[in-house]
Structures are given as C-alpha cells and as structure tokens.
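Q: Could you take me through this model one feature at a time, giving the general idea before the particular case?

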Amino acid sequence: MDIAHIKNYRDIAKDARKTVLSLIYRAQTSHVGSNFSCIDLLTVLFERADLDKDKIILSKGWAAASLYYFLWRKGRITKEELDSFCMPGSKFIGLAEPIIPEIPAAGGSMGFGLPATIGAWFASG
C-alpha cells in the first residue's frame, strides 16, 4: 500500500468522524466513542469491499451511525436516509438493524459477529 492510499483512508475517516458526530449531535442520542473507535477499520473495509458480493457484519450495534455513513458512501442509502438517523419515524435508529440487505445481521453484544459470520459462510455453501 502506498502513501496515497493511506492519505485517502485518513481523509475518508476524518470526514466520517465529522459526519457521524454531526448525526449524533443532531439526534442527541447514540454513543460517540463506540462510533469513533471503529471508523478507521470501517474505512478500510468499506473502501475495499464490493457490497454486491461481500458482506460486512458489524457486531458492534451501537456504532450504527458509522455503519450508515459508510453505506451512504457506497451509495446504498441516500443522504436523506443518512440525515434521518435517530429522527422520529426514521428506520435508521441508534442500533444497527437488518433493515436493508447490506445489514445482514443485527447485534449489540460483543462476540456475536464471529459466530454470525461463520454461520453465514457455512450457509453460503
């Protein structure tokens, strides 16, 4: 990996933090620390993932704002949907829910992601 890729990841993660903080502030709910602590990892995963064939299972359900941000960057949800985070009537609440195909499983408990991923892999044949 060259320096240009690293700078690109850094810029994306910086924008993610700004956007996620704005979403959380506007909603006056959610967990900033949970979201910020996984943004660097999600940046690399989502920049490399092909969501038409790759599935990302986030077992850190309280990091929903970050997940929604990266789904928006990939064109899987609209800006209006992203901006509706935790607003009255929104389907995008503070805990990741399997409401669209790109969220194959919901979770909040630690340790849920590994067995869910292994099960999905076995089920895929």
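A: Let us begin with accessibility, where buried means under 20% relative accessible area, exposed means over 50%, and partly exposed covers what lies in between. Asp83, with a relative accessible area of 28%, is therefore partly exposed. Please keep in mind throughout that this is a predicted model.

Q: Which residue does Asp83 meet in a salt bridge, and how far apart are the closest N and O atoms?
A: A salt bridge requires a side-chain nitrogen of Lys or Arg within 4 Å of a carboxyl oxygen of Asp or Glu. Asp83 has Arg26 as a partner, and the closest N and O atoms of the two are 3.5 Å apart.

Q: How many salt bridges does a search of the whole structure find, and where does the pair of Arg73 and Glu47 lie?
A: The search finds eight salt bridges. In one of them the side chains of Arg73 and Glu47 meet at 3.1 Å, N to O. This pair, too, links distant parts of the chain, with Arg73 in helix H4 and Glu47 in helix H3 (residues 39–48), 26 residues apart. Arg73 counts as partly exposed because its relative accessibility is 37%, and Glu47 is likewise partly exposed, with a relative accessible area of 30%.

Q: How many residues apart are Lys7 and Asp11, and in which helix do they lie?
A: Lys7 and Asp11 both lie in helix H1 (residues 3–27), and they are four residues apart, which is about one turn of the helix. Their side chains meet in a salt bridge of 3.0 Å, N to O. Lys7, at 45% relative accessibility, counts as partly exposed, and so does Asp11, at 39%.

Q: How many aromatic pairs are there in the whole structure, and what is the geometry of the pair formed by Tyr68 and Phe92?
A: For aromatic rings one reads the distance between centres together with the angle between planes, and an angle over 60 degrees counts as edge-to-face. The whole structure holds six aromatic pairs. The one formed by Tyr68 and Phe92 has its centres 4.9 Å apart and its planes at 80°, so that it is edge-to-face. The pair links distant parts of the chain, 24 residues apart, with Tyr68 in helix H4 (residues 64–73) and Phe92 in the loop between helix H5 (79–83) and H6. Both Tyr68 and Phe92 are buried.

Q: Which residues make the nonpolar surface patch, and what is its area?
A: Leu114, Ile118, Trp121 and Phe122 make a nonpolar surface patch of about 510 Å². Leu114 is placed in helix H6 (residues 113–123), and with a relative accessible area of 61% Leu114 is exposed.

Q: Where in the chain do Gln28 and Cys86 lie, and what is the phi of each?
A: Gln28 lies in the loop between H1 and helix H2 (32–36), and has a positive phi of about 55° although it is not a glycine. Gln28 counts as exposed, because its relative accessibility is 59%. Cys86 is found in the loop between H5 and H6; its phi is also positive, at about 60°, and Cys86 is not a glycine either.

Q: How many helices and strands does the chain have, and what is its radius of gyration?
A: The chain has six helices and zero strands. A compact globule of 125 residues would have a radius of gyration near 14 Å, and the chain agrees with this, because it has 14 Å. Along its principal axes the C-alpha trace spans about 45 × 40 × 25 Å, and buried residues make up 35% of the 125 residues.

Terms used. Residues numbered from 1 in each chain as written. Predicted model: local features only at pLDDT ≥ 70, side-chain atom pairs only at ≥ 80, totals over all residues. Heavy atoms only, no water. Patch = residues over 30% accessible without salt bridge, like charges linked within 9 Å, V, L, I, M, F, W, Y side chains within 5 Å. Areas by Shrake-Rupley, 256 points an atom, 1.4 Å probe, with all protein chains shown as cover. Helix = DSSP H or I, 4+ residues; strand = E, 2+ residues; numbered from the N terminus. Buried < 20%, exposed > 50% of the residue type's maximum accessible area, 1.4 Å probe, protein only. Phe/Tyr/Trp six-rings, centres within 6.5 Å; stacked < 30°, edge-to-face > 60°. Rg over C-alpha atoms; globule rule 2.2 N^0.38 Å.
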